[in-house]
Structures are given as structure tokens and as C-alpha cells.
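Hi,

Here is the structure I promised to pass on.

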Amino acid sequence: LKKYWINKLSKKINLLGCSLESLENFFLSINEPRFRAKQLLKWIHQKGVIDFNSMSDFNKDLRRKLVSIAKIQPPKIYEEYVSSEGTIKYLIELDSGSMVEMVVIPEKKRRTLCVSSQAGCALQCTFCATGAQGFEQNLESHEIIGQLWLANFSQNSKPITNVVFMGMGEPLLNFEPVVEAAKLMKDQSSYGLSRKRITISTSGIVPNIDKLPKKIDVSLAISLHAAEDNLRNEIVPINNKYPIKSLIKSCKEYLNYFENKRNITIEYILIEGVNDSIEHAKKLAKLLSNLSCKINLIPFNSFKGSDYKRPSNSSMNSFKRYLMSKGFIATLRITRGDGVDAACGQLVGNLSNSIKGKKLITHKSI
Ligand code: SAH
Ligand code: SF4
């Protein structure tokens, strides 16, 4: 273990992304007591302090040691946009220079952060702007938790109450860093968010859905979008590898893993003429009849280069009413963030000249 840390330390290690357990190992490896880990977590994630020299309960020697081998470095906010309805979109620059986006959605009682787990995405769902862009890279855990840190501690911020992994990328294809960051979101010494306030959304990476509950207990959302393989193969191509039957089976096993009763969220984008008829609703109701779930209907958000259209409000409402008549909890989400291209599926790591909305700040030189 020591050797591992020494290797890592040859380049200054970024402690921002380390969970409690990793930090405990880190401190033990430099001959410091385990309890330092909790102290450091509190400085970073509760007080927003990232300068070792400001950490008053660390003695001089320890501070000097930390400065020489480690750093705490959040990603950079490159630009910031706000829509008329208050949604804030941030363009974030990673160490590599790649850009990802995160979105803050303020509501009456909640303040939700939508985080990215990858720059781009390899899965190419036909309705998704991120997919159309292709895969660039996985984010490291410090780049994922760094989004929450920035949303909580950068200028004019207010505490985030909920996190959804619904930004760019497929979180279950960047498994370890996502789990490490989610541990930090939950830990009482850092953000202390309960499992209900953290949602991992996946297009259905079956083996990793199976692995997830053994690693961490958070809420799970499945991007289903179609109830038959023929259609889902087309619009969510990963379905060719993990078909609907295996996905539903894995969802049931997921729910059985936990002793307390809970729901999985099923996400279903409504696209005109593709998956929005009452026939489709019937197939969906049948498929989900034995699964403890709630259904989140999402109107398709258009983006440049896509021919799909959002159905009329009345046909989306009929779809929802049908599901409710069959006993499902179904919500039709009023799209937020449209004005700054910050709605679901519109996140592409855009540069300013192609983004709508009012630019708040450009921090290019930080
Ligand atoms: N890769 C993961 C998480 C990111 S996508 C997943 O697919 O679940 C987050 C959500 O945004 C998913 O439900 C996705 O289906 C939805 N989404 C993608 N493109 C969209 C679009 N154009 N309009 C509305 N929702 C979209
Ligand atoms: Fe990737 Fe999710 Fe977009 Fe599909 S919907 S391309 S899985 S980000």
C-alpha cells in the first residue's frame, strides 16, 4: 500500500476526490493518525477550504508535508450561464482541457445539481446530444465531486440538496470514480446527502447495475425509453448488448438486494411518432407491471442536427393518464433549463458562441 501511495505521490496527488476510506489509507501511509481523514474532509467539503495552510487543526509539520506531496484542486469554471427561469449552466474545464457541463436547478425547497461523469458518451442514443458528440474521456473522482464542490463553494453559490448523474456520459461505464464520488456525497463528514438525494441514471449497463448495490446505496434511474427490443435497439443501441429482459431482471434483483422497500425511477423520453402512442404506453405498462417503480416522462428536448420532435402536450398527457389509470406513479417533467441548452440531453461541452441564454461570467484566466 505504501508503495502505491509513494508512486502516486511522485506527481502531487489530488485529495479532492478521495473518500474517507481512501484518505484514511493515505494518512496511515504517511504515518499520520487515521482521524486526520475526517478533519480534512470537513475542511474541504463542509467549509470549502482547499489551502492546507488555512487548516488550523493541522500542525505546521503536517501542513508542510501535505503541501509537498499533495494538492486539493477543483476543476475550473470556464463559463457560467443563467436562464430566465433561474437554471444555471456551468461549462467546466478538466485537467486535460476537455470541457463538460453541469447544471444547477433551483426549486422552492431543493437545489439540484446535475453532474457529468464522462466528457461525451460512447453509447450514441439517437435522441441525445452528448451521444452525437462521441466519447472523449472518463472523469476522475475529483472531477466529479469537484462539480459538487464548485456548486457549493464558488461565488454566489447556495448549498446543493440533491445530485443527479444525468449530465454528460454514462456513469456506470465510469464505475469506480463514480462510486468514489458518490461516497463523498453521502459521507457525514463531507456533504451528508441521504441515498434518496443522490440518483445514478443509466441507460442499462446490466453487469454494473448488478455490481452497484454491493458498492454503494444510492437511488437508481433507468433510461428505458422503449418497451420492446426492436425499438429500443434502435434508439438506445446498448440494448443490443443488454436487452430489455435482462435489464428488467437486473432491476428486480437490485430491489431485492435491499431490505427496505424502494422504487426504481424509469425514465421515458417522449418522441413524436417514435414511442409516444397509447400502444406504446400499453406495452410499457405491461413490461413494468411487476416492478416497483415510478415513471418519469420527459418531453424530448430538441438540439441542432436532430430531426426528432416533442409530442403535443395533449398526447403527452394522454400517455401519462394511461399509465396512471393502470396504477403507476407517472410524472411529466416540465423541462427546465431549455433557455440555456441546459436541459437533459443537450449537454455537449459547448463553447460560448453556440450557447443560448445570458452569460454571467467568463473565468477563462483562472
Ligand atoms: N447516460 C445516462 C445519464 C445521462 S443522460 C443515461 O442515459 O441515463 C440523462 C437523462 O437525459 C436520460 O434519461 C436521458 O435519456 C435523457 N436525455 C438524453 N437526451 C435527451 C433529450 N434530447 N431530451 C430529453 N431527455 C434526454
Ligand atoms: Fe450516453 Fe445517456 Fe446520452 Fe445515451 S442518453 S448517449 S447513455 S449520455
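This is a predicted model: local features need pLDDT of at least 70, side-chain atom pairs count only at pLDDT 80 or more; totals for chains, interfaces and linings use all residues.

Residues are numbered from 1 along each chain as its sequence is written, chains are lettered from A and ligands numbered from 1 in the order in which they are written, and side-chain values use heavy atoms, with hydrogens and water left out.

The protein chain has twelve helices and 15 strands (DSSP runs numbered from the N terminus: H or I of at least four residues for helices, E of at least two for strands). Of its 366 residues, 58% are buried (under 20% relative accessible area, 1.4 Å probe, protein chains only).

Helix α3 (residues 36–46) has eight of its eleven residues buried, so it is largely enclosed by the rest of the structure. Those eight include W43, I44 and H45, and their cover includes α2 (20–29), α4 (60–69), α6 (141–153) and α7 (175–186). After α3 comes G48, with a positive phi near 75°.

Then there's E267 in strand β12 (residues 264–270). E267 is buried, at 4% relative accessible area. Its side chain makes a polar contact of 3.4 Å with that of S223 (N or O atoms within 3.5 Å; within protein, one must be able to donate a hydrogen and the other to accept it, and residues adjacent in sequence count only if both atoms are side-chain atoms). Beyond four places in sequence, E267 also has contacts (heavy atoms within 4.5 Å) that include M166, H225 and N296.

Cheers

How values were computed
Buried means under 20% relative accessible area, exposed over 50%, partly exposed in between (1.4 Å probe, protein chains only).
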